Amino acid sequence: MATMKRLCILGIVLVISSVANADSDLVNLKYDRRDLGGQVPAGGGPVIDVSKCPGAKGDGSSDMTQVIMKAWNDACHAPSPSRLLIPAGIWLAGELEFEGPCTAPLVTVEVQGTLKGKPEAAAYPKNYQVYFSRCSFQIVGSGTIDGNGAAAQAIKKASGGKNLPDTVVAIQCPNSGVSGVKIINSKGFHLKVVECDNFKADSIAITSPETTLNTDGIHIARCKGACITNINIATGDDCISIGDAMVDLTIRNIVCAPGHGISIGSLGKFPDEKDVRNVEISNVTLVNTMYGLRIKTIHSGTALAVSNVTYSNIQCKGCGSPIIIDQHYNGGSLTRTPGDSKVRISGVTFKNMKGTTSANVVATLLCSTACGCEGINIQDVSLAYSGTDTEDKGLRTTCENAKATFTGCTIPACK
């Protein structure tokens, strides 16, 4: 009996033979570029359309994990730049490991539909939903990556437990990026990027309810030359958190509404941490955030440095605690643990911050007695109180071991 064998490889259909008894589900399998509006990878490489794979169902209830993984493997092992298309529909999947090394020098994952995670955290034994490693990739499109985290978050709030799976994770993926898509309802972090030099995140939207726990919008660490631009973030934790070994980082045109603001740290917890330097954060709008701009370091931790950090053109709309350097950070606890932070902070500038704040204490500079904070410049900060305290509408600063200068500000300097 003749058979028809179809390979979900490189978008090519290989028809060996067919007879009337061929499985009808295996007939007419092909990858179709027409749905891409003429877009093909650079160099004319293959387009792998998930909907053309055997067993593909974008119905929101069928498990597409293996279908999508096979499509990734085909795209990854193409001889030229390739494109993996997640078309219209709701594509339910568990843990997706998009790992290299790849023969394709670049794999573009185009999301036009919804890539939706399974609701139960147990479906992610390695604690991530979509995981890229040791490859160069771009996520593009107008679709949605949905963490489907409501049920897992409800359990975490009720009983605590370990950190929940992150939605998109990239590790050791140079020259990669994300643009255009929406990342929503994460169980854990929405986008985590580690050891990805020249990473670009641009024109994406990140959204989770304000009440969610540990749902950072973007966490980035150990990268050089990364850019995060033109992004709207609404979440229950840091809109952007910056880890150790970040060098030459640009963050620009960000709306954080709501969330916990933008943080460097916490730093100094692990023995292999490295310096953070040359960070530029500008054109940020903070709307009803719990905090504004923070640098956080741990007691008695690793010796490293934070230097040459500039925050500029910051608009506060009812944000809490606009400026914080906290070298006594204790995981959110107000109790200080013994020992001094060994993280040296120097050359940090906050300039042109305008608007309103819900907090009376506008600048909190709590620096280590071991290292202190040097070269802290606070320029042109003009804020008005918008909180609920009808009796105390004054603005204050709190300072310990901080060498700071205040110029052109409506808030008091350190005493």
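**Exercise 1. In which loop is Pro101 found, between which strands?**

Solution. The model is predicted; local features need pLDDT of at least 70, side-chain atom pairs count only at pLDDT 80 or more, and totals for chains, interfaces and linings use all residues. Residues are numbered from 1 along each chain as its sequence is written, and side-chain values use heavy atoms, with hydrogens and water left out.

Step 1. Strands (E, at least two residues) and helices (H or I, at least four) are DSSP runs numbered from the N terminus.
Step 2. Pro101 belongs to the loop between strand E5 (96-99) and strand E6 (107-111).
Step 3. The peptide bond that joins Gly100 to Pro101 is cis, with omega near 5°.
Step 4. Most peptide bonds are trans.

**Exercise 2. Describe the surroundings of His260.**

Solution. Step 1. An unreviewed UniProt entry places the feature "active site" at His260; such annotations may be inferred rather than shown by experiment, and feature names are shortened, with positions given in the numbering used here.
Step 2. His260 sits in the loop between strand E20 (247-256) and strand E21 (262-267). Pro258 is found in the loop between E20 and E21, and the peptide bond from Ala257 to Pro258 is cis, with omega near -10°.
Step 3. Relative accessible area under 20% means buried, over 50% exposed, and in between partly exposed (1.4 Å probe, protein chains only). His260 has 16% relative accessibility and therefore counts as buried.
Step 4. With contact taken as heavy atoms within 4.5 Å, and leaving aside residues up to four places away in sequence, His260 touches Gly236, Asp237, Asp238, Cys239, Met290, Tyr291, Gly292 and Arg294.
Step 5. A polar atom of the His260 side chain lies 3.3 Å from the backbone oxygen of Gly236.

**Exercise 3. Which residues of helix H2 are buried?**

Solution. Step 1. In H2 (residues 150-159), the buried residues include Ala152, Gln153 and Lys156.
Step 2. These residues lie on the same side of H2, because they cover an arc of only 100° around the axis, taken from the directions from the helix axis to the C-beta atoms.
Step 3. Ala150, Ile155, Ala158 and Ser159 are exposed on the other side of H2.
Step 4. Gly160 follows H2 and has a positive phi, near 75°.

**Exercise 4. Is Asp380 buried, partly exposed or exposed?**

Solution. Step 1. Asp380 lies in strand E28 (residues 373-385).
Step 2. Asp380 has 37% relative accessibility, so Asp380 counts as partly exposed.
Step 3. Although not a glycine, Asp380 has a positive phi of about 55°.

Key. A polar contact is a pair of N or O atoms within 3.5 Å; within protein, one must be able to donate a hydrogen and the other to accept it, and residues adjacent in sequence count only if both atoms are side-chain atoms.
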